[in-house]
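This report describes the sheet and the aromatic contacts of one structure. The sequence and the structure are shown first.

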Amino acid sequence: MNIGDPWPDLDEAEWRVLVMQRKLHQWATSDPGRRFDDLFNLVCDPAFLVVAWDRVRANKGARSAGVDGVAPSSIVLGAGEFLDGLRESLKARRFSPSRVREKVIPKANGKLRRLGIPTAADRVVQACLKLVLEPIFEADFKPCSYGFRPRRRSQDAIAEIHFLGSPARNYEWVFETDIKACFDEIDHTALMDRVRDRIGDKRILHLVKAFLRAGILGEDGLDRTTITGTPQGGILTPPTQ
């Protein structure tokens, strides 16, 4: 993907992002108590925005539109202008997340799951935040944690269970638990306190909090505030757990 000057092409952008992510992870790993105070410029960085945009466009949900009716897959020839405007609004601190569009889908057990579909612009900013925050918080996870982590999946956890349950091991029990309505009932204050343990940049904290409080446009056409929880379906939902 080449969306024109001053935007780097995708290969260059991915290399620049990877180099910075490795530095962030190394700093976070070497100093478990470090708080990062200057990260917002990375969210506005052209390389991070290009990689974020590519991931949003490549996602299977790119054909779904948010409350503005614009699906990422529909932004083709105007991608450069789209990112120009988004970067300008971020740098000028004018950017404000929109409500997410609610979509109710059936679950395999017959129950319903409520998804929140952000706008294309919100998805790109969330993807940028994920690129910046993920390598920092990755340093704090234990090896036994598999959920919502890069290059890890539920099958890896199952393989670990099989390994530990083999005759050569002494493990005899597997406990399965589930937190009821986990995404719906996350306490924003407690969550932000955990984020502040690692992030001192108030501009980043403001963005994360703004996404949490953006609100929902329900399928019934009614607006709902979000004083707790985080809508499932958003890019930022997993890393802020």
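## Exposed aromatic pair

W173 is exposed, at a relative accessible area of 67%, and F175 likewise counts as exposed, at 71% (exposed is over 50% relative accessible area, buried under 20%, partly exposed in between; 1.4 Å probe, protein chains only).

The model is predicted: local features need pLDDT of at least 70 and side-chain atom pairs pLDDT 80 or more, whereas totals for chains, interfaces and linings use all residues. Residues are numbered from 1 along each chain as its sequence is written, and side-chain values use heavy atoms, without hydrogens and water.

## Aromatic pairs

The structure holds three aromatic pairs (rings of Phe, Tyr and Trp, the last by its six-membered ring, with centres within 6.5 Å; planes under 30 degrees apart are stacked, over 60 edge-to-face, the rest tilted). One of them joins F95 and F211 in a tilted arrangement, 6.1 Å centre to centre with 50 degrees between the planes. F95 lies in the loop between helix 4 (79-91) and strand 1, and F211 in helix 9 (residues 202-212), so this pair ties together parts 116 residues apart in sequence. Both F95 and F211 are buried. W173 and F175 form a stacked pair, 6.4 Å centre to centre with 20 degrees between the planes.

## Sheet

Four strands form an open, mixed sheet in the order 2-1-3-4 (helices, H or I of at least four residues, and strands, E of at least two, are DSSP runs numbered from the N terminus; two strands pair if DSSP finds at least two bridges between them). Strand 2 (112-117) and strand 4 (223-224) are the edge strands. Strand 1 (residues 100-106) pairs with strand 3 (residues 216-217) in the parallel sense over two bridges, and L217 in strand 3 is the bridge partner of R101.
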